[in-house]
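Here is a short briefing on the open spaces and ring contacts in a protein model. Have a look at the structure first, then read on.

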Amino acid sequence: MRKSIVLVFFTIQALFAQKNANTPSFEVRFFRGNVLPHTPDLYHLQGHPEGIQFNYNLQTHGAQEWHAAYNYPSYGVYLLYQDFNNRFLGHSWATGTYFRFNFLKRHLQVQTAAGVAYMNQPYDKVTNSKNKAFGSTLLANINIGLEYHQPLFHNQLDVSAGLLFTHYSNGRSKSPNSGINTYGLTIGLAYNLQKPVSNSPDTTKVKTNYREKLHYNFVFRTGFNESSVVNSGRHPLYHLGAYIDKRLNRKSGVQLGADLFLTQSFKDFIKYKSAAYPEDHIDPNTDYKRAGIFAGYELYINRLSLEAQVGYYFYDPLHNEIPVYDRIGLKYYWTPKVFSALSLKTHMFLAEAIEFGLGIRL
(Lines give C-alpha, C1' and ligand atoms only; values in the text may rest on other atoms or scores of the structure.)
Protein backbone atom coordinates (compact mmCIF):
# COMPACT_ATOMS: atom_id res chain seq x y z
CA MET A 1 0.00 0.00 0.00
CA ARG A 2 3.05 2.28 0.07
CA LYS A 3 2.49 2.63 -3.68
CA SER A 4 -0.99 4.04 -3.07
CA ILE A 5 0.47 6.60 -0.68
CA VAL A 6 2.94 7.61 -3.41
CA LEU A 7 -0.03 8.02 -5.78
CA VAL A 8 -1.79 10.37 -3.38
CA PHE A 9 1.42 12.36 -2.88
CA PHE A 10 2.22 13.05 -6.51
CA THR A 11 -1.46 13.60 -7.36
CA ILE A 12 -1.74 16.27 -4.66
CA GLN A 13 1.48 17.81 -5.92
CA ALA A 14 0.20 17.83 -9.49
CA LEU A 15 -3.14 19.35 -8.52
CA PHE A 16 -2.23 21.99 -5.96
CA ALA A 17 1.21 23.17 -7.03
CA GLN A 18 -0.25 25.54 -9.62
CA LYS A 19 -0.60 29.30 -9.77
CA ASN A 20 -4.29 29.81 -10.31
CA ALA A 21 -7.15 31.79 -8.78
CA ASN A 22 -9.65 29.17 -7.65
CA THR A 23 -12.68 29.44 -5.40
CA PRO A 24 -12.20 27.29 -2.26
CA SER A 25 -15.08 25.64 -0.45
CA PHE A 26 -15.78 23.14 2.31
CA GLU A 27 -18.28 20.38 1.62
CA VAL A 28 -20.02 17.73 3.69
CA ARG A 29 -21.96 14.77 2.29
CA PHE A 30 -24.05 12.07 3.92
CA PHE A 31 -24.85 8.77 2.22
CA ARG A 32 -26.58 5.44 2.73
CA GLY A 33 -26.72 2.49 0.38
CA ASN A 34 -25.98 -1.19 -0.17
CA VAL A 35 -23.08 -3.58 -0.55
CA LEU A 36 -22.77 -4.92 -4.09
CA PRO A 37 -21.50 -8.53 -3.85
CA HIS A 38 -19.76 -9.66 -7.03
CA THR A 39 -19.09 -13.29 -6.05
CA PRO A 40 -21.37 -15.79 -4.26
CA ASP A 41 -19.00 -16.09 -1.26
CA LEU A 42 -19.62 -12.39 -0.43
CA TYR A 43 -23.40 -12.58 0.01
CA HIS A 44 -23.06 -12.79 3.80
CA LEU A 45 -21.31 -9.38 3.73
CA GLN A 46 -24.37 -7.51 2.48
CA GLY A 47 -25.70 -4.62 4.51
CA HIS A 48 -26.70 -0.98 4.31
CA PRO A 49 -23.51 1.09 4.58
CA GLU A 50 -23.79 4.68 5.69
CA GLY A 51 -21.26 7.39 6.22
CA ILE A 52 -20.07 10.95 5.89
CA GLN A 53 -17.58 12.63 3.56
CA PHE A 54 -15.71 15.93 3.96
CA ASN A 55 -14.17 17.70 0.96
CA TYR A 56 -11.87 20.68 0.56
CA ASN A 57 -12.72 21.79 -2.98
CA LEU A 58 -11.13 24.23 -5.42
CA GLN A 59 -13.30 25.45 -8.30
CA THR A 60 -11.23 26.50 -11.32
CA HIS A 61 -12.01 29.59 -13.41
CA GLY A 62 -9.60 29.48 -16.35
CA ALA A 63 -6.16 30.54 -15.12
CA GLN A 64 -4.68 27.35 -16.59
CA GLU A 65 -5.25 26.05 -20.13
CA TRP A 66 -6.72 22.74 -18.98
CA HIS A 67 -9.43 24.51 -16.95
CA ALA A 68 -11.31 25.74 -20.02
CA ALA A 69 -10.54 22.52 -21.92
CA TYR A 70 -12.47 20.57 -19.27
CA ASN A 71 -15.26 23.10 -18.74
CA TYR A 72 -13.76 24.52 -15.53
CA PRO A 73 -13.59 21.42 -13.33
CA SER A 74 -12.96 21.41 -9.61
CA TYR A 75 -10.56 19.28 -7.62
CA GLY A 76 -9.58 18.71 -4.03
CA VAL A 77 -8.99 16.31 -1.16
CA TYR A 78 -11.53 14.17 0.69
CA LEU A 79 -11.95 12.38 3.99
CA LEU A 80 -14.50 9.55 3.93
CA TYR A 81 -15.89 7.60 6.89
CA GLN A 82 -18.02 4.54 6.19
CA ASP A 83 -19.87 2.17 8.52
CA PHE A 84 -20.70 -1.00 6.56
CA ASN A 85 -23.36 -2.03 9.09
CA ASN A 86 -22.03 -5.57 8.85
CA ARG A 87 -20.35 -7.27 11.80
CA PHE A 88 -17.65 -8.83 9.58
CA LEU A 89 -16.68 -5.67 7.66
CA GLY A 90 -16.68 -3.05 10.41
CA HIS A 91 -15.73 0.56 9.61
CA SER A 92 -13.40 2.34 7.18
CA TRP A 93 -11.64 5.70 6.93
CA ALA A 94 -10.35 6.85 3.55
CA THR A 95 -8.53 9.91 2.25
CA GLY A 96 -7.30 10.96 -1.17
CA THR A 97 -7.77 13.36 -4.06
CA TYR A 98 -10.48 13.85 -6.66
CA PHE A 99 -11.46 15.54 -9.91
CA ARG A 100 -14.99 16.78 -10.52
CA PHE A 101 -16.20 17.48 -14.07
CA ASN A 102 -19.12 19.82 -14.75
CA PHE A 103 -22.07 19.53 -17.13
CA LEU A 104 -25.34 21.45 -17.59
CA LYS A 105 -23.87 24.75 -16.38
CA ARG A 106 -22.28 23.07 -13.33
CA HIS A 107 -25.58 21.61 -12.14
CA LEU A 108 -24.59 18.05 -13.07
CA GLN A 109 -21.19 16.89 -11.79
CA VAL A 110 -19.22 13.66 -12.21
CA GLN A 111 -16.51 12.94 -9.66
CA THR A 112 -13.65 10.44 -9.77
CA ALA A 113 -11.53 9.93 -6.65
CA ALA A 114 -8.63 7.75 -5.55
CA GLY A 115 -6.88 7.33 -2.24
CA VAL A 116 -5.98 5.01 0.62
CA ALA A 117 -8.26 3.52 3.28
CA TYR A 118 -7.94 1.97 6.73
CA MET A 119 -10.24 -0.92 7.67
CA ASN A 120 -10.63 -1.85 11.32
CA GLN A 121 -11.80 -5.47 10.84
CA PRO A 122 -9.76 -7.28 8.18
CA TYR A 123 -9.72 -11.05 7.71
CA ASP A 124 -8.37 -13.05 10.65
CA LYS A 125 -8.35 -16.83 10.65
CA VAL A 126 -9.48 -16.98 14.29
CA THR A 127 -11.49 -13.82 15.02
CA ASN A 128 -12.92 -12.80 11.62
CA SER A 129 -12.70 -15.69 9.15
CA LYS A 130 -15.93 -14.63 7.40
CA ASN A 131 -14.39 -11.47 5.96
CA LYS A 132 -13.25 -12.69 2.54
CA ALA A 133 -13.33 -9.15 1.11
CA PHE A 134 -9.96 -7.90 2.36
CA GLY A 135 -7.05 -9.42 4.22
CA SER A 136 -5.26 -6.25 5.35
CA THR A 137 -6.02 -3.04 7.20
CA LEU A 138 -4.65 -0.74 4.47
CA LEU A 139 -6.50 -0.71 1.13
CA ALA A 140 -6.82 1.35 -2.00
CA ASN A 141 -10.05 3.35 -2.31
CA ILE A 142 -11.70 4.39 -5.60
CA ASN A 143 -14.92 6.41 -5.71
CA ILE A 144 -17.18 7.52 -8.56
CA GLY A 145 -20.00 9.99 -7.95
CA LEU A 146 -22.82 11.55 -9.96
CA GLU A 147 -24.56 14.56 -8.38
CA TYR A 148 -26.95 17.37 -9.13
CA HIS A 149 -25.97 20.73 -7.59
CA GLN A 150 -28.11 23.78 -6.91
CA PRO A 151 -26.51 27.09 -5.77
CA LEU A 152 -28.26 29.13 -3.05
CA PHE A 153 -27.86 32.65 -1.61
CA HIS A 154 -25.91 34.16 -4.51
CA ASN A 155 -23.72 31.05 -4.86
CA GLN A 156 -22.55 31.24 -1.23
CA LEU A 157 -24.10 27.84 -0.46
CA ASP A 158 -24.59 24.80 -2.66
CA VAL A 159 -26.87 21.82 -2.01
CA SER A 160 -26.46 18.52 -3.82
CA ALA A 161 -27.96 15.07 -4.19
CA GLY A 162 -26.80 12.08 -6.18
CA LEU A 163 -25.24 8.63 -6.32
CA LEU A 164 -21.92 7.35 -4.97
CA PHE A 165 -20.05 4.15 -5.86
CA THR A 166 -17.11 3.08 -3.67
CA HIS A 167 -14.54 0.33 -4.14
CA TYR A 168 -12.01 -0.99 -1.61
CA SER A 169 -9.22 -3.44 -2.41
CA ASN A 170 -5.61 -4.11 -1.41
CA GLY A 171 -4.73 -5.25 -4.93
CA ARG A 172 -4.11 -8.73 -3.52
CA SER A 173 -1.07 -7.55 -1.66
CA LYS A 174 -2.44 -9.87 1.01
CA SER A 175 -5.09 -12.58 0.67
CA PRO A 176 -8.02 -12.92 0.86
CA ASN A 177 -8.89 -9.96 -1.32
CA SER A 178 -12.20 -10.20 -3.13
CA GLY A 179 -12.65 -6.46 -2.48
CA ILE A 180 -15.86 -4.76 -1.50
CA ASN A 181 -18.11 -2.46 -3.54
CA THR A 182 -20.93 -0.24 -2.28
CA TYR A 183 -23.42 2.09 -3.93
CA GLY A 184 -25.80 4.57 -2.37
CA LEU A 185 -27.62 7.89 -2.34
CA THR A 186 -25.92 11.08 -1.18
CA ILE A 187 -27.07 14.48 0.03
CA GLY A 188 -24.67 17.32 0.68
CA LEU A 189 -24.02 20.96 1.47
CA ALA A 190 -21.11 23.18 0.37
CA TYR A 191 -19.98 26.58 1.68
CA ASN A 192 -17.81 28.84 -0.50
CA LEU A 193 -15.05 30.53 1.50
CA GLN A 194 -14.82 33.31 -1.10
CA LYS A 195 -17.26 34.91 -3.46
CA PRO A 196 -17.10 32.92 -6.72
CA VAL A 197 -15.53 34.76 -9.62
CA SER A 198 -16.52 34.58 -13.26
CA ASN A 199 -14.74 32.26 -15.65
CA SER A 200 -11.89 33.92 -17.52
CA PRO A 201 -10.21 31.74 -20.15
CA ASP A 202 -6.53 32.44 -20.84
CA THR A 203 -6.72 34.26 -24.18
CA THR A 204 -2.93 34.67 -24.43
CA LYS A 205 -2.46 31.01 -25.27
CA VAL A 206 -1.92 30.17 -28.92
CA LYS A 207 -4.21 27.44 -30.21
CA THR A 208 -2.33 24.17 -30.29
CA ASN A 209 -2.80 21.17 -32.53
CA TYR A 210 -2.44 18.26 -30.11
CA ARG A 211 -2.62 15.53 -32.73
CA GLU A 212 0.70 13.66 -32.75
CA LYS A 213 2.55 11.00 -34.68
CA LEU A 214 2.97 7.49 -33.28
CA HIS A 215 5.09 7.22 -30.14
CA TYR A 216 6.82 4.14 -28.72
CA ASN A 217 6.46 3.46 -24.99
CA PHE A 218 8.34 1.12 -22.67
CA VAL A 219 7.25 0.70 -19.06
CA PHE A 220 8.47 -1.35 -16.12
CA ARG A 221 5.92 -2.10 -13.40
CA THR A 222 6.60 -3.66 -10.03
CA GLY A 223 5.05 -4.27 -6.65
CA PHE A 224 4.15 -7.16 -4.34
CA ASN A 225 1.23 -9.55 -4.24
CA GLU A 226 0.10 -12.81 -2.69
CA SER A 227 -1.59 -15.68 -4.44
CA SER A 228 -5.21 -16.50 -3.64
CA VAL A 229 -3.97 -19.00 -1.04
CA VAL A 230 -4.20 -17.28 2.35
CA ASN A 231 -0.84 -16.87 4.16
CA SER A 232 1.13 -18.14 1.16
CA GLY A 233 3.43 -15.11 1.41
CA ARG A 234 4.01 -11.89 -0.50
CA HIS A 235 6.30 -11.98 -3.52
CA PRO A 236 7.57 -9.31 -5.91
CA LEU A 237 6.14 -8.92 -9.38
CA TYR A 238 7.79 -7.62 -12.53
CA HIS A 239 5.54 -6.59 -15.38
CA LEU A 240 7.09 -5.35 -18.62
CA GLY A 241 5.11 -3.46 -21.24
CA ALA A 242 5.76 -2.12 -24.72
CA TYR A 243 3.18 -0.25 -26.76
CA ILE A 244 2.60 2.40 -29.37
CA ASP A 245 0.30 5.33 -28.68
CA LYS A 246 -1.38 7.91 -30.86
CA ARG A 247 -2.62 11.17 -29.40
CA LEU A 248 -5.75 12.16 -31.30
CA ASN A 249 -6.64 15.56 -29.81
CA ARG A 250 -6.43 17.69 -26.66
CA LYS A 251 -8.02 15.03 -24.44
CA SER A 252 -7.74 11.60 -26.02
CA GLY A 253 -5.14 9.09 -27.06
CA VAL A 254 -5.22 5.39 -27.97
CA GLN A 255 -2.75 2.58 -27.32
CA LEU A 256 -1.86 -0.85 -28.68
CA GLY A 257 0.79 -3.07 -27.15
CA ALA A 258 1.92 -6.18 -25.29
CA ASP A 259 2.72 -7.18 -21.69
CA LEU A 260 5.02 -9.77 -20.16
CA PHE A 261 4.05 -10.78 -16.61
CA LEU A 262 6.70 -12.21 -14.29
CA THR A 263 4.54 -12.61 -11.19
CA GLN A 264 6.70 -14.47 -8.68
CA SER A 265 3.81 -15.60 -6.46
CA PHE A 266 2.68 -17.83 -9.34
CA LYS A 267 5.68 -20.12 -8.81
CA ASP A 268 4.53 -21.30 -5.37
CA PHE A 269 0.89 -21.22 -6.45
CA ILE A 270 1.57 -23.69 -9.28
CA LYS A 271 3.30 -26.08 -6.86
CA TYR A 272 0.40 -25.74 -4.42
CA LYS A 273 -2.24 -26.41 -7.10
CA SER A 274 -0.40 -29.44 -8.45
CA ALA A 275 -0.21 -31.00 -4.96
CA ALA A 276 -3.59 -29.93 -3.54
CA TYR A 277 -5.68 -30.70 -6.63
CA PRO A 278 -4.24 -33.82 -8.32
CA GLU A 279 -7.50 -34.26 -10.25
CA ASP A 280 -6.60 -31.12 -12.26
CA HIS A 281 -3.40 -32.82 -13.55
CA ILE A 282 -1.28 -29.69 -13.19
CA ASP A 283 2.43 -30.17 -13.87
CA PRO A 284 4.45 -28.60 -10.99
CA ASN A 285 6.96 -27.44 -13.62
CA THR A 286 4.34 -25.42 -15.51
CA ASP A 287 5.77 -22.10 -16.71
CA TYR A 288 4.62 -19.26 -14.43
CA LYS A 289 5.11 -16.55 -17.04
CA ARG A 290 2.20 -14.97 -18.91
CA ALA A 291 2.03 -12.68 -21.93
CA GLY A 292 -0.82 -10.65 -23.37
CA ILE A 293 -1.77 -8.07 -25.94
CA PHE A 294 -3.87 -5.03 -25.04
CA ALA A 295 -5.66 -1.97 -26.33
CA GLY A 296 -5.87 1.17 -24.23
CA TYR A 297 -7.23 4.69 -23.90
CA GLU A 298 -5.58 7.69 -22.25
CA LEU A 299 -7.36 10.83 -21.07
CA TYR A 300 -4.95 13.78 -20.88
CA ILE A 301 -5.69 16.44 -18.24
CA ASN A 302 -2.45 18.36 -17.68
CA ARG A 303 0.72 16.51 -16.72
CA LEU A 304 -1.62 14.04 -15.12
CA SER A 305 -3.62 11.59 -17.22
CA LEU A 306 -6.03 8.71 -16.67
CA GLU A 307 -5.32 5.38 -18.34
CA ALA A 308 -7.44 2.29 -19.04
CA GLN A 309 -6.38 -0.90 -20.83
CA VAL A 310 -8.04 -4.20 -21.71
CA GLY A 311 -5.88 -7.17 -22.65
CA TYR A 312 -6.00 -10.83 -23.66
CA TYR A 313 -3.50 -13.53 -22.61
CA PHE A 314 -2.09 -15.26 -25.67
CA TYR A 315 0.36 -17.18 -23.45
CA ASP A 316 -0.89 -18.47 -20.09
CA PRO A 317 0.05 -22.13 -19.43
CA LEU A 318 -1.71 -22.33 -16.06
CA HIS A 319 -5.08 -20.89 -17.17
CA ASN A 320 -5.95 -20.02 -13.58
CA GLU A 321 -7.79 -16.79 -14.44
CA ILE A 322 -10.13 -15.76 -17.23
CA PRO A 323 -8.11 -14.90 -20.37
CA VAL A 324 -9.11 -11.21 -20.26
CA TYR A 325 -7.37 -8.73 -17.94
CA ASP A 326 -7.77 -5.00 -17.44
CA ARG A 327 -5.79 -2.14 -15.94
CA ILE A 328 -6.84 1.29 -14.71
CA GLY A 329 -4.54 3.92 -13.30
CA LEU A 330 -2.95 7.34 -13.24
CA LYS A 331 0.13 8.60 -15.11
CA TYR A 332 2.22 11.66 -14.36
CA TYR A 333 4.54 13.08 -17.03
CA TRP A 334 7.66 14.46 -15.34
CA THR A 335 8.93 15.40 -18.82
CA PRO A 336 7.41 14.79 -22.28
CA LYS A 337 9.43 11.56 -22.42
CA VAL A 338 9.45 10.27 -18.82
CA PHE A 339 6.39 9.24 -16.82
CA SER A 340 5.48 7.39 -13.64
CA ALA A 341 2.29 5.43 -13.13
CA LEU A 342 0.22 3.75 -10.49
CA SER A 343 -2.33 1.20 -11.68
CA LEU A 344 -4.59 -1.61 -10.56
CA LYS A 345 -4.51 -4.81 -12.62
CA THR A 346 -7.64 -6.94 -12.35
CA HIS A 347 -9.62 -9.74 -13.94
CA MET A 348 -13.03 -8.12 -14.06
CA PHE A 349 -13.83 -7.36 -10.38
CA LEU A 350 -11.00 -9.50 -8.95
CA ALA A 351 -7.78 -7.55 -8.34
CA GLU A 352 -4.41 -9.17 -8.98
CA ALA A 353 -1.90 -6.44 -8.20
CA ILE A 354 -1.24 -2.79 -7.52
CA GLU A 355 1.55 -1.79 -9.91
CA PHE A 356 3.99 1.09 -9.58
CA GLY A 357 5.52 1.90 -12.95
CA LEU A 358 8.23 3.98 -14.59
CA GLY A 359 8.31 4.46 -18.34
CA ILE A 360 9.69 6.33 -21.32
CA ARG A 361 7.83 7.66 -24.37
CA LEU A 362 9.90 8.03 -27.55
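**Rings, pockets and cavities**

Tyr238 counts as partly exposed, at 33% relative accessibility; here buried means under 20% relative accessible area, exposed over 50%, and partly exposed in between (1.4 Å probe, protein chains only). This is a predicted model, in which local features need pLDDT of at least 70 and side-chain atom pairs count only at pLDDT 80 or more, while totals for chains, interfaces and linings use all residues. Residues are numbered from 1 along each chain as its sequence is written, and side-chain values use heavy atoms, with hydrogens and water left out.

**Aromatic pairs**

- The structure holds 18 aromatic pairs; rings of Phe, Tyr and Trp (its six-membered ring) pair if their centres lie within 6.5 Å, and planes under 30 degrees apart count as stacked, over 60 as edge-to-face and the rest as tilted.
- Tyr70 and Phe101 make a tilted pair, with 5.7 Å centre to centre and 50 degrees between the planes.
- Tyr70 sits in the loop between α2 (65–69) and β3 (74–83) and Phe101 in strand β4 (residues 91–103), so this pair ties together parts that are 31 residues apart in sequence. Helices (H or I, at least four residues) and strands (E, at least two) are DSSP runs, numbered from the N terminus.
- Both Tyr70 and Phe101 are buried.
- Phe220 and Tyr238 form a stacked pair, 6.4 Å centre to centre with 20 degrees between the planes.
- That pair links distant parts of the chain, with Phe220 in strand β9 (residues 215–226) and Tyr238 in strand β10 (residues 234–247), 18 residues apart.
- Phe220 is partly exposed, with a relative accessible area of 38%.
- Trp66, Tyr70, Tyr75, Phe99 and Phe101 are linked into a cluster by ring pairs.

**Charges over rings**

- The charged end of Arg247 sits over the ring of Tyr300, 4.0 Å from its centre; the test is NZ of Lys or CZ of Arg within 6 Å of the ring centre and within 35 degrees of the ring normal.
- Arg290 lies over the face of Phe266, at 4.2 Å from the ring centre.

**The largest pocket**

- The largest pocket holds about 820 Å³ of space. On a 1 Å grid over the protein atoms alone, a pocket is an open set of points with protein on both sides within 12 Å along at least five of seven lines, a cavity is a set where a 1.4 Å probe fits but cannot get out, and lining residues have an atom within 4 Å of a point.
- Its lining has 34 residues, of which Ala113, Ile142, Ile328, Gly329 and Leu344 lie nearest the centre.
- Strand β6 (residues 138–152) gives the largest share of this lining, five residues.
- By class, the pocket lining has 20 nonpolar, twelve polar and two charged residues; Ala, Val, Leu, Ile, Met, Phe, Trp, Tyr, Cys and Pro count as nonpolar, Asp, Glu, Lys and Arg as charged, and the others, Gly among them, as polar.

**Cavities**

- There are two cavities of 30 Å³ or more, and the largest cavity has a volume of about 90 Å³.
- Among the 13 residues lining the largest cavity, Arg29, Gln111, Gly145, Glu147 and Leu164 lie nearest its centre.
- β6 gives the most to the lining of the largest cavity, with four residues.
- The second largest cavity has about 40 Å³ of space, and β8 (180–192) supplies the largest share of its lining, three residues.

Methods: Points joined across faces, edges and corners; volume = space filled by probe spheres on them.
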